[in-house]
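Me: I want to learn how to read salt bridges and helix packing in a model. Can you take me through one, step by step?

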Amino acid sequence: MAKIGRNNPCPCGSGKKYKKCHLLSGGSLKTSIIKKLKSTPELERIRQELEMQMIERRKKLVQAGVFIDFVTPTHFRGNKVWALSSRLYPRRPKKETFHEFIIYVLKEELGRDWWIKQMESPEDKQHFIYRCFIKHYDWQDKNKIPENRYGEGWRAIPDGYSRALISLAFDVCSLIHAVHLPEIFLKKLRNYIEYQSVRYEIAVAALFARMGYKIKFLDEEFVGQKTQPKHSEFIATNPGTGEEIAVEVKSKEREGVLHKEGEFNKEKEFRSSVAKLYRHALKQKPHGKPFIIFIDMNLPLSPGANPNDIPWVKAVTKMRDNATFATRGKPAPSNAILFTNYSYHYGTDQETSSGEWLIEESGNPEILIKSPDFGEKFITVLRKYGDVPNIDMVINT
C-alpha cells in the first residue's frame, strides 16, 4: 500500500482529510491507493467492446421507438434493482421483466387507497384501469403455458386489457424517467370522470419524452389560479437546439366508452366528426411557436384493413376534402394534425394490434420546425406506440 499524506483525502470516501479521519481514529484502513492504469492492448480491446455494446444497445432502443436510455437493472443479494431517473426500486423479484416492473410502478403511483376503493366499488363503477389490472393478471395465468415458453419466461400477444395497461404503465414510467409525472396527472388518472382526457395527454407527453424532449406542463404553471389564460397542454423543448414546440391534445368522447354514460353505437359513432375538437384546439395556439395538434378518434381498431378503407380514416379524408383544415391561402396555424386511434379498450379480451394513426402535415405552416432530427424521431415513436419493448431483453440480447 502506498503511503497516504496527512492532508490527502481519506481513501475511505468520507470526504475528510486523512489526518482527521482514519489517521486520527487509528482505525484500520485496508483500501489501496489506485494508481492510473496505463493503456494496454487488452484494456483497449475491452474499452472498444464496451463502446460497441453501448452503440448496439442504443440502436435497439431506437428501433423500439425509444430515444432515451433506460438503466439496465442490476442484481443485488438475489434480487433485481431497477431505476427510473433518480428513483431506485430495490428488492424486486429476480426474474421480473420490464413489463412486470412498470405495471408494479403504475400500481404504486395510483396508491393503496385508490386500490382499496376500487375493490369496494360495485363492478359497474370500478375504474377502467382497475379492471385492466384484474384482467391482466387473468391473462397472465391463462398464457403461462409450455407453448408460450421463451427462455426463462414466456410471451404472448396481449389482449385489449393487457395492452391498455402496459402502454399506460410505459407512458407513466417514461415521464417519471425522462421528465416528471405531474401530481395533477395522477389525481385526474385516479378520477372516474377525468380519466379519458388525461390518459391521452399522458400518452402524447410520453411520446415526446421518449424522443428525448423536455416538457413543461402548462397546467402546472397556473395551478391554484382561479382563472387561467388559454394555453396548449405543454411545451416540448429539443434539448439540443432549444427549439420549443407547443402541443395541444384532444380525445373524442363516445357514448358508453371509458366511463361515458350511454351505449356505444358503432354506425353512429363512425359517422361523427371531430371537426369541433379541431376548432377548439386551434383556440389554444400560442404565439411565436410551432404548433402540433393531437386528436384521438377513440374508435374500434380495424386490424388487417387497408389504411384507406378504415372508416375513421375515410371520415378524416372527407374533412380534408371539405376544406375543414383549409386556411384560404394564408399560412396554416398548425404544423401538423395527428389523428390517432390508440383504442385498445375496445379489444378487451381479444388480441389487439398496436394502434392506428394518420398525419395531416401543413404545407405552409406559420412557423417551421427547424430541428433536423424531429421528423424521423416523431414518425418512429408514433409507429411504435403500443409496442412496449422489454428493456431488459432489448439491452442484453
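Reply: Start with one pair in this predicted model. The side chains of E96 and R92 form a salt bridge, with 2.6 Å from N to O.

Me: Are E96 and R92 buried or exposed?

Reply: Check the relative accessible area against the cut-off: buried means under 20%. E96 has 4%, so E96 is buried. R92 has 14%, so R92 is buried too.

Me: How many salt bridges are there by this rule?

Reply: The count is 16 salt bridges.

Me: Which parts does the pair of D171 and R210 tie together?

Reply: First the contact, then the place of each partner. D171 and R210 meet through their side chains in a salt bridge, 3.1 Å from N to O. D171 lies in helix α6 (residues 160-178), while R210 lies in helix α8 (residues 195-210). The pair therefore ties together parts that are 39 residues apart in sequence.

Me: And how accessible are D171 and R210?

Reply: D171 has 0% relative accessibility and counts as buried. R210 has 4% and counts as buried.

Me: Now a pair from another part of the chain. What are the accessibility classes of D373 and K377?

Reply: Take the bridge before the classes. The side chains of D373 and K377 make a salt bridge at 3.2 Å, N to O. Read each partner on its own. D373 is at 30%, so D373 counts as partly exposed. K377 is at 18%, so K377 counts as buried.

Me: Which residues do salt bridges with shared partners join into one network?

Reply: D171, R199 and R210 are joined into one network this way.

Me: Let's turn to helix packing. At what angle do helix α4 and helix α5 pack?

Reply: Read the angle and the axis distance together. Helix α4 (residues 112-120) packs against helix α5 (residues 128-143) at an angle of about 80°. Their axes are 10 Å apart. Angles from 65 to 115 degrees count as roughly perpendicular. So α4 is roughly perpendicular to α5.

Me: Which residues make the contact?

Reply: List the residues helix by helix. From α4 come W114, W115, Q118 and M119. From α5 come I129, Y130, F133, I134 and Y137.

Me: How many residues of the contact are nonpolar, polar or charged?

Reply: Sort them by class. The contact of α4 with α5 has 8 nonpolar residues and 1 polar residue.

Notes:
Residues are numbered from 1 along each chain as its sequence is written. This is a predicted model: local features need pLDDT of at least 70, side-chain atom pairs count only at pLDDT 80 or more; totals for chains, interfaces and linings use all residues. Side-chain values use heavy atoms; hydrogens and water are left out. A salt bridge is a side-chain nitrogen of Lys or Arg within 4 Å of a carboxyl oxygen of Asp or Glu. Buried means under 20% relative accessible area, exposed over 50%, partly exposed in between (1.4 Å probe, protein chains only). Helices (H or I, at least four residues) and strands (E, at least two) are DSSP runs, numbered from the N terminus. Axes are lines fitted to C-alpha atoms, for helices over the stretch in contact, and angles run from 0 to 180 degrees between N-to-C directions. Angles under 35 degrees count as roughly parallel, over 145 as roughly antiparallel, 65 to 115 as roughly perpendicular and the rest as oblique. Contact means heavy atoms within 4.5 Å. Ala, Val, Leu, Ile, Met, Phe, Trp, Tyr, Cys and Pro count as nonpolar, Asp, Glu, Lys and Arg as charged, and the others, Gly among them, as polar.
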